[in-house]
Amino acid sequence: MSDTEDKSRLGYGCTDGDRSCEIYSDYNVLKQLPAFEGVTPEIIKLWAYFGRRTVYEPGEIMLRRGEPIGRAHCVVSGSAKVFFDKNGQEFFIHTLKEMDVFGELALLADITSMVHIQAIDTVVTFSFDKKSFWKVYAQFPRHTKRAVEQIVKLRISWQQEVMKRHIEEAKNPERVAVLAKGLFI
């Protein structure tokens, strides 16, 4: 088993090889997410089946700016900082905490990260990729439009919240411009 495979199977509280326990645990995480509000249990169970957990150690970079995102992630436990780096200067954007979601736009398009994400403490995420997302929705086509709309609305809402907070806190207009460029361009 590779280090990545080994990492992705940690953090369940299930005995080794007990896949049904892992799926049940992931189902319970997913059904609590606002992004899945109103989604049928059958769809959530399929995502739990197709997904995986990954453990990141404190200080570990979870995602680098410019890298393909590839997966939508939910923070199951721990916290991580989201930041933008310009010419070696770090601009803090947000702290991800339990039940926060990131990378969800990667389910809709092949995109690269506009930010860096770094584990503050031990972080466990649950994630699934675009192929699995669309495989599930191929089985439930009448739910597809709602899911896509929900993903877009949640992302826009999150960006508006972060920008509003930074504009209110900013003492340096250049900082706001850098953050806006990192989030929207």
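Modeller: Gladly, and let me begin with a term: a residue is buried when its relative accessible area is under 20%, exposed when that area is over 50%, and partly exposed in between, using a 1.4 Å probe and protein chains only. On that basis, buried residues make up 43% of the 185 residues in the protein chain. This is a predicted model, in which local features need pLDDT of at least 70 and side-chain atom pairs count only at pLDDT 80 or more, while totals for chains, interfaces and linings use all residues. Residues are numbered from 1 along each chain as its sequence is written, and side-chain values use heavy atoms, with hydrogens and water left out.

Here is the overall layout. The protein chain has six helices and eight strands, where helices (H or I, at least four residues) and strands (E, at least two) are DSSP runs numbered from the N terminus. Starting at the N terminus, the order of elements is α-α-α-β-β-β-β-β-β-β-β-α-α-α.

Now to the spaces. Rolling a probe the size of a water molecule over the atoms shows where empty space is left. The search uses a 1 Å grid over the protein atoms alone: a cavity is a set of points where a 1.4 Å probe fits but cannot get out, whereas a pocket is an open set with protein on both sides within 12 Å along at least five of seven lines, and lining residues have an atom within 4 Å of a point. Grid points are joined across faces, edges and corners, and a volume is the space filled by probe spheres set on the points.

The largest pocket holds about 480 Å³ of space. Its lining has 31 residues, and those nearest the centre are Ala-35, Asp-100, Val-101, Glu-104 and Leu-154. At least two lining residues come from each of β3 (71-77), β5 (89-96), β8 (123-129), α4 (130-139) and α5 (144-169). Helix α5 supplies the largest share, nine residues. By class, the lining of the largest pocket has 21 nonpolar, four polar and six charged residues; here Ala, Val, Leu, Ile, Met, Phe, Trp, Tyr, Cys and Pro count as nonpolar, Asp, Glu, Lys and Arg as charged, and the others, Gly among them, as polar.

The second largest pocket holds about 310 Å³. It is lined by 19 residues, with Ile-69, Gly-103, Met-114, Val-115 and Arg-155 closest to its centre. Two or more of its lining residues come from each of β6 (101-102) and α5, and α5 gives the most, with three residues. This lining divides into 13 nonpolar, four polar and two charged residues.

There is also one cavity of 30 Å³ or more. The largest cavity contains about 40 Å³ of space, and its lining consists of Gly-38, Val-39, Ile-43, Tyr-137, His-143, Arg-146 and Ala-147.

Ile-43 is among the buried residues of α3 (residues 41-50), together with Ile-44, Trp-47 and Ala-48. These cover an arc of only 140° around the axis, which puts them on the same side of α3; the arc is that of the directions from the helix axis to the C-beta atoms. Tyr-137 is buried in α4, as are Ser-132, Phe-133 and Val-136. Down the axis of α4 the buried residues fall within an arc of 130°, so they line one face of the helix. On the other side of α4, Lys-131 and Ala-138 are exposed.

Strand β8 comes next. Six of its seven residues are buried, so β8 is largely enclosed by the rest of the structure. Two strands pair if DSSP finds at least two bridges between them. β8 pairs antiparallel with β1 (residues 52-56) over five bridges, and Tyr-56 stands opposite Val-123 in β8. With β3, the antiparallel pairing of β8 has six bridges, and here His-73 stands opposite Ser-127.

Lastly, β5 brings us to an open sheet of four strands, in the order β2-β7-β4-β5 with antiparallel pairing. Its edge strands, β2 (61-63) and β5, each pair on one side only. Within this sheet, four bridges join β4 (residues 80-86) to β7 (residues 116-119), and Val-82 stands opposite Ile-117 in β7.
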